[in-house]
Amino acid sequence: MQASQLHRGQHMSKRLCYQPLQGVDAFCVSQFQTLGRQLYTNAGNERAQFNLQDISDRYCTLESSSGSHGYATRSSTSTVTFSSNGSPSDQHNSPDNTYGSPVSGSCITDDISDFRHKLLELETVMLGPDSDIIDSFDSFYQEGTENSEVGSWGQVMDAITKGNLKKILIACAKAVSDNDALMAQWLMDELRKMVSVRGEPMQRLGAYMLEGLVARSAFSGSSIYKSLRCKEPASMELLSYMHVLYDVCPYFKFGYMSANGAIAEAMKDEDRVHIIDFQISQGTQWITLIQAFAGRPGGPPHIRITGIDDPASAHARGGGLDIVGMRLSKLAKLFNVPFEFHSAAISGCDVQKKDLGIRRGEALAVNFAFMLHHMPDESVSTENHRDRLLRLVKGLSPKVVTLVEQESNTNTAAFFPRFIETLDYYNAMFESIDVTLPRQHKERINIEQHCLAREVVNILACEGAERVERHELLGKWRLRFSMAGFTPYPLSSLVNATIKTLLDNYSNRYRLEEKEGALYLGWMDRDLVASCAWK
């Protein structure tokens with residue numbers, strides 16, 4: 001009798017909770033897609049039918065006290081939702097659950113957590129410490145694990161007992177990576193008790209990384225649910241969040257100042273200057289450069305800026321690129337700088353030479369600030385727009401090309417090492433925000449949720465063309481520029497000194513380092529942004 005119960009318990013455990021997780025390209029935050037009126041998923045021999053509006057109402061997650069914006073997950077066994085006090089909750093489908101996720105078709109109980117808990121209790125009583133489940137956990141962390149943070153079952157239990165959030169996040173990511181649904185779901189339950197959008201930096205980042213893990217795991221069989229668009233902040237709200245982030249952290253200022261310094265140096269003797277900005281956004285970068293050219297000995301040059309930007313960015317601006325053009329034109333007129341603006345509302349993947357408005361007699365500068373990592377490379381598409389753009393620009397014979405990118409390696413890395421890299425990089429980012437804005441500051445929550453969480457979830461939950469956050473280290477960018485025919489253009493010492501002065505206004509834990517003709521801005525011992533120039 002006991003052997004029969006044991007066999008049945010083990011069989012049910014594996015059958016219900018070890019379903020393979022397939023179709024990793026789900027939950028893509030940066031490329032929302034419209035679905036049809038109904039979504040279908042196969043669960044065994046049953047066919048479940050969901051109404052689109054019902055799913056849209058249910059699946060908005062990452063709620064903060066500021067509004068209803070969130071990210072969608074599909075067919076998950078549970079979803080992470082944050083209450084008004086910032087604490088996460090695990091919700092299931094019920095009449096009182098507005099944002100809960102329907103239970104996955106891979107389980108036959110509406111309360112999988114309770115079922116799993118009872119099953120583990122039963123196995124513990126019957127088998128003690130030698131159960132197959134515990135053995136599988138031990139072998140799971142001992143086989144092929146190179147990261148020292150992930151250890152045996154005993155080490156995982158020790159991390160939970162001590163409340164070591166970082167180790168539990170890593171253990172959960174390893175379980176997701178290896179499609180161990182039981183282990184992943186159990187650790188997600190533990191993580192929900194520990195993360196908070198109002199907590200310490202690791203707790204806040206952990207909330208968004210947990211959302212990415214849930215999203216990546218949210219599949220049943222071969223059905224793949226595309227993300228649903230939840231309510232976004234109004235354009236002026238998003239713009240204000242971006243401006244606050246620009247003010248409280250020096251990353252953007254560092255990038256813009258270093259790029260502008262290289263352009264000003266290269267164009268110091270030119271009368272007509274054409275600048276092509278491949279992601280102009282709000283045009284903030286060019287305010288200081290126009291002012292600098294206005295004070296140039298001998299008078300300012302004629303400046304023409306071609307602003308390229310994906311039409312989707314119009315939401316943040318509250319309108320098209322003409323808004324940027326009018327703003328910069330007014331500024332240039334104020335400083336008596338001859339100025340023209342040419343807009344190209346087009347994705348970088350679609351840019352051709354004819355879109356750039358090249359004219360004879362103009363010295364050309366090209367700016368790639370926080371843009372190239374969004375371009376798919378050879379690992380995503382045979383078109384390889386990342387290298388195609390560099391070859392296109394080289395063919396224009398520019399005097400200088402500036403590159404500013406996040407110093408992170410998430411492009412071609414497999415999911416688990418990508419998770420480790422993302423955790424390390426964004427933890428430094430969240431720590432740096434923590435020293436500037438109080439933890440209860442409403443704007444801090446909005447900044448992290450609307451400006452950073454999107455990137456985190458996209459990196460963790462998406463694959464293929466839908467994963468658009470694909471950062472590379474500067475060493476790889478050097479290789480790409482060299483293969484396209486560029487040579488380094490050293491940044492001037494004056495630029496370095498100016499940026500050092502800028503950092504005096506921020507925490508002394510920021511550091512500036514010059515290596516091999518490039519500038520690196522870091523937080524403590526972690527490089528975060530790299531800047532260099534080419535010709």
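Guide: Of the 535 residues in the protein chain, 57% are buried, where buried means under 20% relative accessible area, exposed over 50% and partly exposed in between, with a 1.4 Å probe and protein chains only. This is a predicted model, with residues numbered from 1 along each chain as its sequence is written. Local features need pLDDT of at least 70, side-chain atom pairs count only at pLDDT 80 or more, totals for chains, interfaces and linings use all residues, and side-chain values use heavy atoms, leaving out hydrogens and water.

The chain has 18 helices and 12 strands; these are DSSP runs numbered from the N terminus, with helices being H or I of at least four residues and strands E of at least two. Its mean pLDDT is 75, with 66% of residues at 70 or more, pLDDT being the predictor's confidence in each residue on a 0 to 100 scale. Residues 1-110 stay under 50, and the model has 282 contacts beyond four places in sequence for them, a contact being heavy atoms within 4.5 Å. Residues 122-149 are below 50 as well, with 53 contacts beyond near neighbours in sequence. Across the chain, 74% of the contacts with a separation of 6 or more join residues 24 or more positions apart.

The part to zoom in on is the open sheet. Its 8 strands run in the order β7-β6-β5-β8-β9-β12-β11-β10, and the pairing is mixed; two strands pair if DSSP finds at least two bridges between them. The edges belong to β7 (339-344) and β10 (510-515), and each has a single partner strand, so one side of each goes without a neighbour in the sheet. Ignoring direction, neighbouring strands are turned by 15° against each other on average.

Going along the order, β5 (272-277) and β8 (363-369) run parallel, joined by 5 bridges. His-274 has Leu-364 in β8 as its bridge partner. Over at β9 and β12 the pairing is antiparallel, with 6 bridges, and Thr-402 stands opposite Ala-533 in β12. β12 pairs antiparallel with β11 too, over 5 bridges; here Tyr-520 sits opposite Ala-530 of β12. The hairpin of β11 and β12 has 2 residues between the strands, and in it Met-524 takes a positive phi near 55°. As for cover, 9 of the 9 residues of β12 are buried.

Now for the helices on the sheet. α13 (322-334) lies across β6 (302-308) and β7, running at about 170° to β7. Angles here go from 0 to 180 degrees between N-to-C directions, and axes are lines fitted to C-alpha atoms, for helices over the stretch in contact. α15 (415-434) lies across β9 (400-406), β10, β11 (518-523) and β12 (526-534), at about 95° to β12.

Arg-478 is buried at a relative accessible area of 18%. Setting aside neighbours within four places in sequence, its contacts are Lys-515, Glu-516, Ala-518, Tyr-520 and Trp-534. Arg-478 and Cys-532 are 54 residues apart in sequence, yet 9.3 Å apart from C-alpha to C-alpha. Another is His-385, placed in helix α14 (385-394): its relative accessibility is 9%, so His-385 counts as buried. Beyond four places in sequence, His-385 touches Cys-349, Met-375 and Pro-376.

Turning to helix pairs, α6 (165-177) and α7 (181-192) pack at about 155° with axes 8 Å apart. That makes the two roughly antiparallel, since the label goes to angles over 145 degrees, with under 35 roughly parallel, 65 to 115 roughly perpendicular and the rest oblique. Their crossing is left-handed: the near helix is turned anticlockwise from the far one by less than a right angle, whereas clockwise is right-handed. Among the residues in contact are Leu-165 and Ile-168 of α6 and Met-183 and Leu-187 of α7.

The other pair, α8 (201-217) and α16 (442-461), packs at about 35° with axes 9 Å apart, and this crossing is right-handed. The residues that meet there include Arg-204, Tyr-208 and Glu-211 in α8 and Arg-444, Glu-448 and Val-456 in α16.
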